[in-house]
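The structure comes up next, and the notes follow.

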Amino acid sequence: MKFYVFSFLFLLFTIPSLSQIKGTIKNDKNKPLPFVNIYIENTYNGTTSNIEGDYELNITLPETYTIVFQYLGYKTIKKTFDIKTLPLVLDVNLEEETIALNEVIITSQDNPANKIIRKAIEKRKNNLSNYDAFKADFYSRGLIRIKNAPEKILGQDIGDLGGGLDSTRSGIIYLSETFSKIEYKKPNKLKEKIIASKVSGDDNGFSFNNANDVNFNFYNNTIEIENQLISPISDYAFNYYNYSLEGEFYDDLGNLINKIKVIPKRKNDRIFSGNVYIVEDQWSLYGLELVVTGKQAQIPAADTIRLKQSFSYSKTDKLWALISQSINFNYSVLGIKGDGTFTAVYSNYNFSPDFNKKSFTPELLVFEEEANKKDSTYWNNQRPIPLSTEEISDYLKKDSIQIVRKSKRYLDSIDAQRNKFKLQYLFTGYNYSNSYKDWNIGISAPLLTFTYNTVQGHNGNVNFNFRKNIDEYRRYLDISLKNTYGLSDKRFRINGSIRYKLNNISRPIISFSGGNTVEQFNSSEPISKRVNAFSTLFFEDNYMKLYDKTFGQLDYSQELFNGFRFYSSLSLERRKPLFNNSNWSVTDEPDDFLTSNNPLDETAFGIAPFETHTIFKLSLTGRIRFGQTYFSYPGSKATIVNNKYPTLYLSYRKGFGSSVEAYHFNHIQARLVQNFDISNKGNFEYNLKIGKFFNSGNAAFMDYHHFNGNQTHVGNSNYLNKFNNLPYYSMSTNERYAEFHTEHDFKGYILNKLPLLRKLNFNLVIGAHALSAVNHKPYQEYTIGLKNLGWGKFRIFRFDYLRSYQSGFLNDILVFGVSL
């Protein structure tokens, strides 16, 4: 306790840097005003007040300054001082802006707000070009709170979340700051170097605040907040918004500012509501205060997201530059509620940077060495927004207890409670942890894995797992063991693996696995064990076909250079056929029967689809992510897929050294995938595969190329790699083949325009799927369906109508499934 008190006294009485103008900003009712912009006139040197109205403005030299205080909805104040000594305490009270609405006659053809918005749209591209290239300083602070947190989530004890919870189990669960240098070049190159990073309660932590995630430019047609949201001044804004002129006022420079109310035409569109402030004649943004609901943005966890931006005019650069931004949100999921705020300050702009061809690389973010080791003196000097009382308390509390919480004594005491065995673990599985040495052992619950198939009958498995995290750079050792027993074939099967990750930059991973298992002929496992069990027991449709595999396998993968990852595998396998050992089902339809375990002929009971044999298999794959960018953390690299470019997979598989020579094969495949947004019209994605076998002779059936079929009418989340009305092995091939999948999710673009249907907030999705293989007639499927089905925040389902063709119409079906 004494450490907490002395730390508090130290922070309270520490002499601040003698380079500050500081104070408190309140309104005319003496209430503090948060997020007020304070800056030196005609510069980009500024700051923002905190939640309690306090501010600190850093300056370099005592001289004459004109300080501007700007807040949307309030009169801008300027104060000029010949500053001789620092610090200077300057408290300010702001008066509400008198927003006048001149008397006008409004007709349906002559709404003054519409005229202003049309002018802003006409000037949108010109204003956007003002941001073609720049450098700036960037400060960000993020805070997330939780309210009345449960003690357990899904049966797992969550503790006090790093010391952030009070007696009501409410409090701050994330508090972090960054100070960065950013560089931008159109259309979307944004590079950030984080100079300083601070995370409450973790002196080795690195903040996940970054400029890329909050780069919201409303001069673009859409703004990406999980999904593409329509800007109120986009080229097609009048399709989504109505507008009302709330009034107008003059700023401190004499510019007439129009306050426009933004009104959604349809509440479930991906749009905002609120106010935008537009400068007369220049038709630039002066500021905005906008709100979007989680339902509109299709972010289930979010209730509301509030976004506020303020701009300042530079006489030198002759443009309005973004100087501050705040994002406030409320969330609720699984009964857990909370809120958060992310605040950003942009300063010291340079709109004439000297960029060259080497200025921008795929590295978007990098941390300066020792960025997370800056002391309190540095932060007191550099932090543009003062900490609130709540934030000071959180830093003091968590920083003071982190040493204790990392100690062996404390971690052992926590483990002693969590490692106690409870009866419920028979149903959920059990984990034993040693937090100080950072390892854990887990044992699964057999009841959770209990299932049924006609080869093994009722079966279940017990999984053992050991994981040791080696260091903070995410190197780890993982050992797993799986023990399966089938009641009908009366056989234990044991297999396991050892997996080691060498670093978290190129992520080289080496693993060895081996043992005995049953495996589907299609290694992609197109039918899940539980769906097959349900289908077998209640409909006598045992679609899953299995064979026995005893194997030893060595795998290695690594990113060789940015965007290119290499995968390799070498295995020795002994494979033998299996037959049905159970014919039990809940129902017994007279016109239906359980089929054989032969994927080539469902009536071939007791006939093997291949000879028992051993074979060596080699697999080599290269994954090329065109345009891949990344964030660099000390000891780590976080890759980012650039959706403007596709990802290409090139694969080679070879079977050799087989005890049955005819089973040797060579197989090459190319696969191209991409997923991207089409502005306000939704999301488009495709998956293209082509392949060919060479010298394949009569390869064993499990080595054929199998198209992922589905005969259950139950879909899963991987709709872009499956034919939902194709029998599982009807078109398997060891010759040339090609397959193509594409889907377009309109994300409300169609249905939100239709009366009644738009209230449901469903998404229309259409798709086309086709394949071609030697010795088979071409096959196609066409789908139309609805996504975002469900209730409340749980909208994870989809429903599709499908028609399939093969030399003419085959049939049509309905598919119900999950889409995450």
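β9 (133-147) and β12 (171-185) run antiparallel and are joined by 14 bridges. Two strands pair if DSSP finds at least two bridges between them. Helices (H or I, at least four residues) and strands (E, at least two) are DSSP runs, numbered from the N terminus. This is a predicted model: local features need pLDDT of at least 70, side-chain atom pairs count only at pLDDT 80 or more, and totals for chains, interfaces and linings use all residues. Residues are numbered from 1 along each chain as its sequence is written, and side-chain values use heavy atoms, with hydrogens and water left out.

**Strand β12 and its partners**

- Phe134 has Tyr184 of β12 as its bridge partner.
- β12 also pairs with β13 (189-199), again antiparallel, through 10 bridges.
- Ser176 stands opposite Val199 of β13.
- The two strands β12 and β13 make a hairpin, with three residues between them.
- β12 is mostly covered, with 12 of its 15 residues buried; buried means under 20% relative accessible area, exposed over 50%, and partly exposed in between (1.4 Å probe, protein chains only).
- In a regular strand the side chains alternate between the two faces of the sheet.

- Lys186 and Pro187 are joined by a cis peptide bond, with omega about 5°.
- Pro187 sits in the loop between β12 and β13.
- Asn30 has a positive phi, near 65°, and is not a glycine.
- The loop between β1 (20-27) and β2 (37-40) holds Asn30.
- Asp281, another residue that is not a glycine, has a positive phi of about 75°.
- Asp281 belongs to the loop between β18 (273-279) and β19 (285-293).
- Asp281 is exposed, at a relative accessible area of 62%.

**Helix α10**

- Helix α10 spans residues 529-539, and its buried residues are Asn532, Ala533, Ser535, Thr536 and Leu537.
- The cover over these buried residues includes β26 (451-453).
- Glu540 follows α10 and has a positive phi, near 55°.

**Buried polar and charged side chains**

- Asn127 is part of helix α3 (residues 124-129).
- Asn127 has a relative accessible area of 5%, so this residue counts as buried.
- The Asn127 side chain reaches the backbone oxygen of Trp283 at 3.1 Å. A polar contact is a pair of N or O atoms within 3.5 Å; within protein, one must be able to donate a hydrogen and the other to accept it, and residues adjacent in sequence count only if both atoms are side-chain atoms.
- Leaving out residues up to four places away in sequence, Asn127 touches Tyr219, Gln282, Trp283 and Ser284; contact means heavy atoms within 4.5 Å.
- Lys549 lies in strand β31 (residues 546-561).
- Lys549 is buried, because its relative accessibility is 7%.
- With residues up to four places away in sequence not counted, the contacts of Lys549 include Glu519, Glu573, Arg574 and Arg575.

**Cavities**

- The structure holds six cavities of 30 Å³ or more.
- On a 1 Å grid over the protein atoms alone, a cavity is a set of points where a 1.4 Å probe fits but cannot get out; lining residues have an atom within 4 Å of a point.
- Grid points are joined across faces, edges and corners, and a volume is the space filled by probe spheres set on the points.
- The largest cavity has a volume of about 170 Å³.
- Its lining has 13 residues, and Phe35, Ile51, Thr341, Thr343 and Glu391 are the closest to its centre.
- β9, β22 (336-350) and α6 (389-405) each give at least two residues to the lining of the largest cavity.
- β9 provides the largest share of that lining, three residues.
- By class, the lining of the largest cavity has four nonpolar, five polar and four charged residues. Ala, Val, Leu, Ile, Met, Phe, Trp, Tyr, Cys and Pro count as nonpolar, Asp, Glu, Lys and Arg as charged, and the others, Gly among them, as polar.
- The second largest cavity has a volume of about 110 Å³.
- Lining the second largest cavity are 15 residues, with Tyr39, Asp252, Leu253, Ser312 and Tyr313 nearest its centre.
- β5 (64-70) and β20 (302-314) each supply at least two residues of the second largest cavity's lining.
- The lining of the second largest cavity divides into six nonpolar, four polar and five charged residues.

Key
On a 1 Å grid over the protein atoms alone, a cavity is a set of points where a 1.4 Å probe fits but cannot get out, and a pocket is an open set with protein on both sides within 12 Å along at least five of seven lines; lining residues have an atom within 4 Å of a point.
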